[in-house]
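Open the model in your viewer and keep the selection panel at hand. The stops below go from one selection to the next.

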Amino acid sequence: MSHDWVRRRLSQDGLTEMAEDLLDKGFRLGLMAAHDDGATLRVVYLFLAGWPDRRVELECVVPSADPAVPSLAYLSFAAGRFEREMADLYGIRPVGHPRVRRLVRHAHWPEDWYPMRGAAAPASEFEGAAHFPFVTVEGPGVYEIPVGPVHAGVIEPGHFRFSVAGETVLRLKARLWFVHRGVEKLFQGRPADGAVDLAERVSGDTSIAHALAHSLAIEDALGVELPDDARRLRALLVELERLYNHVADLGALANDVGFSLANAHAQRIRERLLRINAVVTGHRLLRNAIRPGAVALRALPDATELRSVAADVAEVAELTLRNTVLYDRFDGTAVLHTEDAHALGCLGYVARASGMRTDARLQHPTTALPVTEIGAAAGDVLARYTVRRDEFAASTELACRLIETHSGPTEYAVTPAPPRTARSGIGIVEGWRGTVVHRVEIDDANRITRAKIVDPSWFNWPALPVAMADTIVPDFPLANKSFNQSYAGNDL
């Protein structure tokens, strides 16, 4: 579907003025990406709003020798974090930022090494003795509890430091970026149609949404248009990904308060959905089904079977919430208020459980879909549970609608023509966690020169410490699971 895309190159003064105007008009900052153009560095700011689908790109060019941009942190919390990322990876100083601390680069990284620069040398030896300066909270009876980065169970690493009085959390600091893989750098130099395998591995449980966002960005840059039937098949795959992830979370949340029976049933249902995925695409995580200019399904799912699964999930959810002990643990726990969710720029079920309206299927659609908006207002663990439950039911009906109205082939392919000049493109997809955004630049040799990726976890991770204020320490695993953000998707 068409969208309104405006691009402007501005001076530093013009940048701040335009950014203020866009945010006042209801746009949100979708991404901020630095680029190394040799003698100069370039920063791209993407602002998004919908419906109708509107996209505004602002560019600011700075010299490589002493790169600096005016900070937008006073306008947007997310902007301040993007600026810290650019400072770490490109050495671009955000002038006026209130707290320019390292974000991506841990303290043992070399001081003046900016790995995303084109001329960056291999890193010198890392210093193992360096440490991260945490804020110390002091007072009578206050003590600290450090957790991680190595955890029990098969999860990714993250360090959480609790400042606690009794059992009540006064302050929580989450320290991530222990799994930095340099993913965005790996895209550089890849053929435009030869990098979807990397996109699928940005965050393994979101393979299809990242593959689609990447493919849409490539197609946007190359001017590729797929027929609506193909776009609807892609939308079906995104819903299948939403289903198996949501049911896993419903079970895991119950398990975190000791209701293992519900988790056993949820895992049984998840396995059933993964087997459906394997029949549909040949891969349990739906990989290899989408690439730039193409979509390929081996078969359509059985709508009757999906509705049977949905009835099964509804019964498990009902039994879960009828457990009074479990309900009491969910209700009022780890509340994220609407104003905090909005200020942090939250996305997906985290935002919708706190009363925000955000869904790229409606705001930035690729095809017209009968999407049922799901939401809640309480912002607690219970709201994040019920939003997932209700989204599962709505997503099932949407998937069945797409299946039952499809009458054409299940494979489509369009060969993208190489660009005559350098081009850029944007892909926006409502993944199961929230809105995924990819931006690519392609040169006249049809190779990717820059890929910027924003998983919704980037926006949602800072909300967890906010929600944990005045929550007791034993409820942290439950609160953390109710957010269930991706470590890998946040740390590229």
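Predicted model: local features only at pLDDT ≥ 70, side-chain atom pairs only at ≥ 80, totals over all residues.

G91 follows helix 2, and its phi is positive, near 75 degrees.

Now select helix 2 itself, residues 77–90. Its 14 residues should span 20 Å at 1.5 Å a residue, and the end C-alpha atoms are 20 Å apart, so expectation and model agree. Colour by accessibility: 13 of the 14 residues of helix 2 are buried. Then go to the N-terminal end, where S76 is the cap. A side-chain oxygen of S76 lies 3.3 Å from the backbone nitrogen of A78.

Next, select helix 8, residues 303–321. Here 19 residues should span 27 Å at 1.5 Å a residue; the end C-alpha atoms are 27 Å apart, which agrees. D302 caps the N-terminal end of helix 8. Look for its side-chain oxygen, 2.8 Å from the backbone nitrogen of T304.

Which residues of helix 8 are buried? Select A303, L306, V309, A310, D312, V313, V316, A317, T320 and L321. They pack against helix 6 (228–255), helix 7 (260–281), helix 9 (324–330) and helix 13.

Zoom in on T320, in helix 8. T320 counts as buried because its relative accessibility is 0%. Leaving aside neighbours within four places in sequence, T320 is in contact with A254, F259, A262, L326 and Y385.

An angle over 145 degrees counts as roughly antiparallel, so helix 8 is roughly antiparallel to helix 13.

Show the side chains at this contact. From helix 8, pick A303, L306, R307, V309, A310, V313, A317, T320 and L321. From helix 13, pick L382, Y385, T386, R389, F392, T396, E397, A399, C400, I403 and E404. Colour the contact by class: 13 residues are nonpolar, three polar and four charged.

Last stop: A377, in the loop between helix 12 (360–363) and helix 13. Is A377 buried or exposed? Its relative accessibility is 62%, so A377 counts as exposed. A377 and G355 are 22 residues apart in sequence, yet 4.4 Å apart in space, C-alpha to C-alpha. Not counting residues up to four places away in sequence, A377 touches T338, A353, S354 and G355.

Key
Residues numbered from 1 in each chain as written. Heavy atoms only, no water. Axes fitted to C-alpha atoms, helices over the stretch in contact; angles between N-to-C directions. Helix = DSSP H or I, 4+ residues; strand = E, 2+ residues; numbered from the N terminus. Parallel < 35°, antiparallel > 145°, perpendicular 65-115°, else oblique. Contact = heavy atoms within 4.5 Å. Nonpolar A, V, L, I, M, F, W, Y, C, P; charged D, E, K, R; others polar. Expected span 1.5 Å × (residues − 1). Buried < 20%, exposed > 50% of the residue type's maximum accessible area, 1.4 Å probe, protein only. Polar contact = N/O pair within 3.5 Å; in protein donor to acceptor, adjacent residues only side chain to side chain.
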